[in-house]
Amino acid sequence: MNSPSPNISADFPRIRQLDEAAINRIAAGEVVERPASAVKELVENALDAGARRIEVAIAHGGKTLIRVTDDGHGIAPGDLPLALARHATSKIDGSDLLNIASFGFRGEALPSLGAVGRLMITSRAPGAEAARIEVSGGRMGPVTPAALTRGTVVELRDLFFATPARLKFLRTDRAEGQAISDVVKRLAMAEPFVGFVLRDMSEGGEGRVSFRADAESGDLFDAMRGRLARVLGADFAENALRIDAEREGVSLVGYAALPTYSRGSAVAQYLFVNGRPVRDKLLIGALRGAYMDFLSRDRHPAAALFLECDPHFVDVNVHPAKAEVRFREPGLVRGLIVSALRHALAEAGHRASTTVAGATLGAMRPEPPGATRVYQMDRPSPGALTVAHAAQAPAPLAPGFAEPTARFEDAEPAVGTESLPLGAARAQIHENYIIAQTETGLVIVDQHAAHERLVYEKLKRQMAENGVAAQALLIPEIVDLSDADVARLIDHADTLARLGLTVEPFGPGAVAVRETPAVLGEVNAGALVRDILDELGDLGDSQTLQARIEAILSRVACHGSIRSGRRMRADEMNALLREMEATPHSGQCNHGRPTYVELKLSDIERLFGRR
Ligand SMILES: Nc1ncnc2c1ncn2[C@@H]1O[C@H](COP(=O)(O)OP(=O)(O)OP(=O)(O)O)[C@@H](O)[C@H]1O
Ligand SMILES: [Mg+2]
């Protein structure tokens with residue numbers, strides 16, 4: 001470091017005003033990170049202009065060409081140079097930065113794009129002639145006459161040619177094209193009444209349409225559902241629950257998928273605030289929280305949720321790409337999401353996932369030669385599920401020596417039970433699956449998974465009432481643990497006692513288990529304690545007490561599945577079915593797997609080619 005000197009030399013750095021081109025290039029660094037961000041800015045501009053139909057054409061992942069054509073209100077010829085000037089916008093007057101109802105408000109996007117690529121805007125406003133302006137690497141040309149019937153065409157060629165360093169960071173054409181497709185689809189979800197087309201021009205000619213969503217009609221929910229089916233697939237729409245809730249002027253609408261339609265990563269989570277796609281930690285956390293009861297930690301819910309509120313309630317000016325927002329009352333928003341989703345999931349209680357039935361049928365049906373799969377869902381393959389279920393069944397039979405274990409009960413089932421949702425139990429096979437006959441088909445119940453869910457719901461009910469009933473052990477069970485684990489367990493001893501588990505320190509490196517939750521019956525206390533320690537370790541202290549309790553209860557419930565692998569009498573099976581019908585959330589186990597699958601008679605007939 002130079003020491004300060006009274007004799008400042010002539011080459012001491014002086015402060016200088018940067019020229020316009022440099023300023024724009026610096027700003028562009030924040031606004032345009034990759035071709036997909038340019039597409040986002042241009043499509044948002046088209047939407048702000050009231051377009052009903054938007055076409056996006058790209059070539060080479062958007063690196064050589066991005067062209068967005070809209071039928072919006074256009075730009076008057078005299079305004080074209082202003083559209084390219086920084087901090088010039090028609091969308092706000094600057095008096096209230098918290099009252100923003102449009103996508104754009106900074107007046108930065110077009111000048112930024114013009115600074116790092118070759119930009120050409122052709123536009124026609126009502127009552128004016130069409131005109132064009134070009135800007136390349138920050139150098140602006142004159143306004144010239146052009147031919148266009150209506151709307152605006154913005155063409156961006158050779159993105160980042162003026163900033164080669166950025167160019168080097170771009171990924172393959174495929175990856176950039178994928179990111180563009182993602183951006184277009186997110187905006188298409190937000191605007192179901194607008195038609196979208198995405199065309200890849202890389203091969204020349206007319207190009208190849210890679211995504212098309214025609215404008216939807218009808219009421220908002222019909223339109224939204226239609227658009228979601230278009231973007232996310234019909235199976236999402238079929239497995240999704242309608243969400244429609246409001247609290248203190250904040251509304252939440254959209255569709256959230258059943259837990260059985262969960263995914264291996266967070267790819268299917270789409271969140272919008274006042275129509276703007278966001279990736280906001282608060283909202284994603286609330287979504288996870290709402291499903292926590294139904295999914296294991298490695299499964300992720302699928303949902304498209306739209307939050308609407310007074311613009312003053314949320315600051316959208318906190319992130320360069322506007323991808324994050326800040327709420328004035330985050331707690332209210334979080335609570336709204338969690339309660340609305342939980343409510344919908346509870347109401348859906350018994351709806352068997354159509355995906356599961358579909359997958360089951362798909363697995364059974366002989367595939368015609370050369371047939372292609374209609375869709376491949378991101379969920380365990382039938383083979384993997386078999387393995388997972390086998391791993392839970394206590395007494396697997398040696399392969400090849402499986403004795404048939406189907407048992408048929410002679411006892412006439414109680415009259416009228418076939419008309420109940422889960423029907424009348426007819427048989428138990430492989431000591432874990434109950435086959436029940438309903439009026440319109442048959443139901444297969446995974447008794448292990450079902451029982452686990454029932455135990456969990458029972459534990460939660462007891463917990464809410466006055467603590468889980470405990471059962472004292474005749475001889476306390478001593479469990480050896482590390483000192484750290486002993487300390488952690490004893491730290492939570494009070495909570496655990498409310499959950500029906502009484503543990504006390506027992507000399508160095510051990511605890512004594514004196515009581516276990518009564519609903520579990522006889523359990524291996526050592527295994528239970530170690531599982532709870534794993535859960536505590538995973539959760540850390542970040543979760544609320546309630547969340548911790550529910551996570552621990554879920555673990556505890558796994559230990560209570562005494563009925564798996566057990567032969568059941570007809571009356572026991574029917575009792576289980578009736579209990580499932582009476583219990584909320586019993587359609588899926590604590591890990592998001594279904595507890596039962598329903599096959600309609602018509603599905604079965606299709607299997608045999610009778611239809
Ligand atoms: N497709 C279009 N149709 C009509 N007018 C447009 C279109 N695109 C841009 N404009 C006009 O050009 C102006 C500048 O656009 P630009 O995207 O640079 O800024 P903005 O949208 O106002 O704010 P932001 O930088 O937040 O996007 C807009 O305010 C709008 O008046
Ligand atoms: Mg804009």
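A polar contact is a pair of N or O atoms within 3.5 Å. E108 meets that cut-off in this predicted model: one of its backbone N or O atoms lies 2.7 Å from an oxygen atom of ligand 1.

Two further residues make such pairs. In S90, an N or O atom of the side chain sits 2.5 Å from a ligand 1 oxygen. In L110, a polar backbone atom is 2.8 Å from an oxygen atom of ligand 1. Cover is given by area: ligand 1 on its own has 590 Å² of accessible area, and the protein covers 95% of this.

## The shell around ligand 1

Ligand 1 is surrounded by 23 residues. T89, S90, K91, E108 and K322 are the closest. By class, the shell holds 9 nonpolar, 8 polar and 6 charged residues.

α2 spans 35-48 and α4 spans 109-116. Each supplies at least two shell residues.

## The chain as a whole

The chain has 611 residues, and 48% of them count as buried. Its secondary structure comprises 19 helices and 24 strands.

Contacts between residues at least 6 apart in sequence show how the chain is connected. Of these, 69% join residues at least 24 apart.

How values were computed:
Residues are numbered from 1 along each chain as its sequence is written. Chains are lettered from A and ligands numbered from 1 in the order in which they are written. This is a predicted model: local features need pLDDT of at least 70, side-chain atom pairs count only at pLDDT 80 or more; totals for chains, interfaces and linings use all residues. Side-chain values use heavy atoms; hydrogens and water are left out. A residue is near a molecule or strand if one of its heavy atoms lies within 4 Å of it. A polar contact is a pair of N or O atoms within 3.5 Å; within protein, one must be able to donate a hydrogen and the other to accept it, and residues adjacent in sequence count only if both atoms are side-chain atoms. Accessible areas come from the Shrake-Rupley method with a 1.4 Å probe; for residues, only the protein chains shown count as cover. Helices (H or I, at least four residues) and strands (E, at least two) are DSSP runs, numbered from the N terminus. Ala, Val, Leu, Ile, Met, Phe, Trp, Tyr, Cys and Pro count as nonpolar, Asp, Glu, Lys and Arg as charged, and the others, Gly among them, as polar. Buried means under 20% relative accessible area, exposed over 50%, partly exposed in between (1.4 Å probe, protein chains only). Contact means heavy atoms within 4.5 Å.
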